[in-house]
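Subject: Structure handover

Hi,

Here is the structure I promised to pass on. Please open it first; my notes follow below.

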Amino acid sequence: MTRKYEVQVNDFGPSWRDGIAFSAMVHNIDSRLVKMDELKQRSHRENLEYAFSQAETHLGIPRLLDPEDVDVDRPDEKSIMTYDAPDFTPSMEEVKSVAELIAAVRKTEAAVSVEINRKNVSLDEQYQKYLQNVDTVQSYIKWLQKLEADWEQASTNNSKSTSDLEIASEALNSLRDTLDTWRWKLDSMVPGELGKVARWICQAEQWLKVTARSWYQSGTASKRIAVVGQRDESWRPSSADPPNSPPSLQKVEQLIEEEKEVFGPNNSNATKMRDLLSSSRSHSDSQSDTVPKNLMEQLGKRLADVIGREPGCTAVMDAARARRKFLDLLYAQKIQETEKSVNIRSRRKTSTAGLEERLAQWNLTVDGLHTEENKDLIEQMLIDYESCTQIENIPEQLDQAKTDLNRQYGLLEQLARLDESRLPKNALRVVGSWKRECEQKWNANKLKQLDATGLALKKRLDIWNKFNMLSDKIERALGQAERLILSQVQPPEDREDLNEWVKEAQTLATQLGASGDHNQIQSFRKRLAHLNEQIEELKNVEVKRMEKARRDERAQAERELGQYLDKIEEWTSKVEGFLIPSDKRRTKEAPTKCTSEHLDELLDRLNEIMSGQTKAQEHLQTAVRIANSPPLQPPEGESQTRLNKLESQMEHLCPTLSSQMANLKDLLEKTRHIEAGLEQIERAEKQAELWHGKLSSSAAPEGAANNSRIFSEVSFKPCAS
């Protein structure tokens, strides 16, 4: 109760001062009497007064306390215990109807919640109170069974009474859960070696309890405990798993791992605890003496019960794992665990990854009924088919899941022959239904159907490949021919092949059924007939066009040849203008002065002319190539004469230019040498005149000495040869 209302009760004193704990106990019995969300807005005494008044007026609980007695720093714990215990734990004589049973169960649960949170209480005292409440719960169970029997025998049943019985059952289950929590708390209080046994039994019982409640989801319940379906991919149009399906694979695996941790390999932990309990009984110590004898006896019974129930729970969990894998493979069902209960009908499915939907889509396509069928779709389906059968190995996984499920069902049958009461509730019925449903959904016939579907998909892909290949070939041929006709060009003579291709494509489209592009075939036939008509019209036009093209091509070649010949003649004219006129000027005119400056000018002109020699030779080669090309074969007389003449000139002029260049360079070098010698002679003449003047001006007796000095100053230096 404290967890339900988030009320912290640690004692029978200050924890009750604010009145919220009293109000929670009243609300737990009848939620209409107290509005919990308004309590924090009131003072402590207002909450206490309200809780005591409601309990006295509507529940018949005597008002043994006043707000002033509780709203103090240290309330009297015995007074609070006196108020809580007897008044919130009704006797069976008070229970006469379903409503009274519900109220009694909730009162007892509230009292048990109080006892659980008491501190500084001995183990023996707590255990005796626990046993009293166990007896009370047993009496509630008998009374509920009597009320259910009375309801079934009644001549007129109404939904209200049915709902009340369900509420009573839920309240009783909640009380039993609270008693389990109390028992497990008592286990933690057991000292010594027995404490180890008690705490291990506590862990084992908790696992067995969770397993018994969650290994499958009851198909009759309107709610599913702690499960919400979050579908990754599924085809099934319904919004839920089949009835009695297990929870998510994650939850199942978690419980199986917890079993291994609690019980150990081959139940080694259970064996250790049994040996430890036997040893503790035979060798008592001071700590064991403080444990009530009936508690020690109950530990032995609980240990035997845990060990006896473990094989059945483990078998149903292994069966649940196999069943969940089977469902996930078949429907791509993905479930996530949550903390809240949800209606299973709220789980919508919106995908297509399960084997059932895959197979349905593949068969729909194979039958030619898929509205969006094309080659790409078939290829994607084949990739998915190969992934399903070879990579994911779904058929093998389905077979393995069936094998595992059958093995666990066989184990459950063996355990049932020994003691069926040790099995989880409905174990044989539910696992047996799983076994039958798995066999119906996946068997040898389904495997054959899957193999046949794969072969049919491959055959259909071959048909699509051939059809598309032929369609592309026909389209290319027709398109090329039509483009040629638009360009007034005669298409190649392969129309017979086109006719055969169109007939074959028609056959393939018929095999594809409604998915085949029959309109495209009819379009091909019309285009082919129109093409034949246009080809006949183009024949005469093509002949005339080719004649005109040949004439135009020859004229163009003649023009190009004339242009190149003009460029060559221009260069040869420059060469002749450089060579011939200079000879004529030397014979008919007065000789010109031959200087290095004049020769440099001639050399520059010659270099300029020779720089165009390579280009002129290239033009000559191009002209020869054009003259020998098909458009000019045979060439006209005038062009051929000019070409022959220029070839002869080029053969003569090119070597002449090279020779003239060498001669001119040699002449320039010698001219420069002569000019340098003449300059030295001229300088020597000037020095001699200067010396002669100095000699004639010297008449003094010291003339001989001066003459020696003059000769030393004016010395003749001959020109370097």
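Lys-129 and Glu-115 form a salt bridge, with their closest N and O atoms 3.5 Å apart. Bear in mind that this is a predicted model. The pair links distant parts of the chain. Lys-129 sits in helix H7 (residues 123-153), while Glu-115 belongs to helix H6 (residues 98-116).

The structure holds 36 salt bridges. Here are some others to look at.

Arg-527 pairs with Glu-482 in a salt bridge, and the closest N and O atoms are 2.9 Å apart. Arg-527 lies in helix H20 (residues 518-588) and Glu-482 in helix H18 (residues 444-486), so this bridge ties together parts that are 45 residues apart in sequence. Glu-482 is partly exposed, at a relative accessible area of 24%.

Asp-318 and Arg-321 also meet through their side chains in a salt bridge, at 3.3 Å from N to O. Both are in helix H13 (residues 293-331). They are three residues apart there, so about one helical turn separates them. Arg-321 is partly exposed, with a relative accessible area of 23%.

There is also a network of salt bridges. It links Asp-177, Asp-180, Arg-183, Asp-187, Glu-205, Lys-209, Arg-213 and Arg-302.

Next, helix packing. Which way does helix H21 run relative to helix H23? The axes of H21 (residues 596-611) and H23 (residues 637-696) cross at roughly 160° and come within 10 Å. The two helices are therefore roughly antiparallel to each other. Their crossing is left-handed. On the H21 side, the contact residues include Leu-599, Leu-602, Leu-603, Leu-606 and Met-610. On the H23 side, they include Leu-657, Met-661, Leu-664, Leu-668 and Glu-675. By class, the contact of H21 with H23 has eleven nonpolar, five polar and four charged residues.

Helices H9 (residues 192-214) and H10 (residues 249-263) also pack together, at an angle of about 160° and with their axes 10 Å apart. That angle makes H9 roughly antiparallel to H10. The crossing of H9 and H10 is left-handed. From H9, Trp-200, Gln-203, Ala-204, Trp-207, Val-210, Thr-211 and Ser-214 take part. They meet Lys-251, Leu-255, Glu-258, Glu-259, Val-262 and Phe-263 in H10. The contact of H9 with H10 has seven nonpolar, three polar and three charged residues.

Last, the backbone. Most residues other than glycine have a negative phi. Which residues have a positive phi here? Asn-266 is one of them, with a phi of about 55° although it is not a glycine. Asn-266 is found in the loop between H10 and helix H11 (268-282). With 80% relative accessibility, Asn-266 counts as exposed. Asn-393 also has a positive phi, near 55°. Asn-393 lies in the loop between helix H15 (375-391) and helix H16 (394-419). Asn-393 is partly exposed, with a relative accessible area of 25%.

Best wishes

Technical notes
Residues numbered from 1 in each chain as written. Predicted model: local features only at pLDDT ≥ 70, side-chain atom pairs only at ≥ 80, totals over all residues. Heavy atoms only, no water. Axes fitted to C-alpha atoms, helices over the stretch in contact; angles between N-to-C directions. Helix = DSSP H or I, 4+ residues; strand = E, 2+ residues; numbered from the N terminus. Parallel < 35°, antiparallel > 145°, perpendicular 65-115°, else oblique. Left-handed = near helix turned anticlockwise from the far one by under 90°. Contact = heavy atoms within 4.5 Å. Nonpolar A, V, L, I, M, F, W, Y, C, P; charged D, E, K, R; others polar. Salt bridge = Lys/Arg side-chain N within 4 Å of Asp/Glu carboxyl O. Buried < 20%, exposed > 50% of the residue type's maximum accessible area, 1.4 Å probe, protein only.
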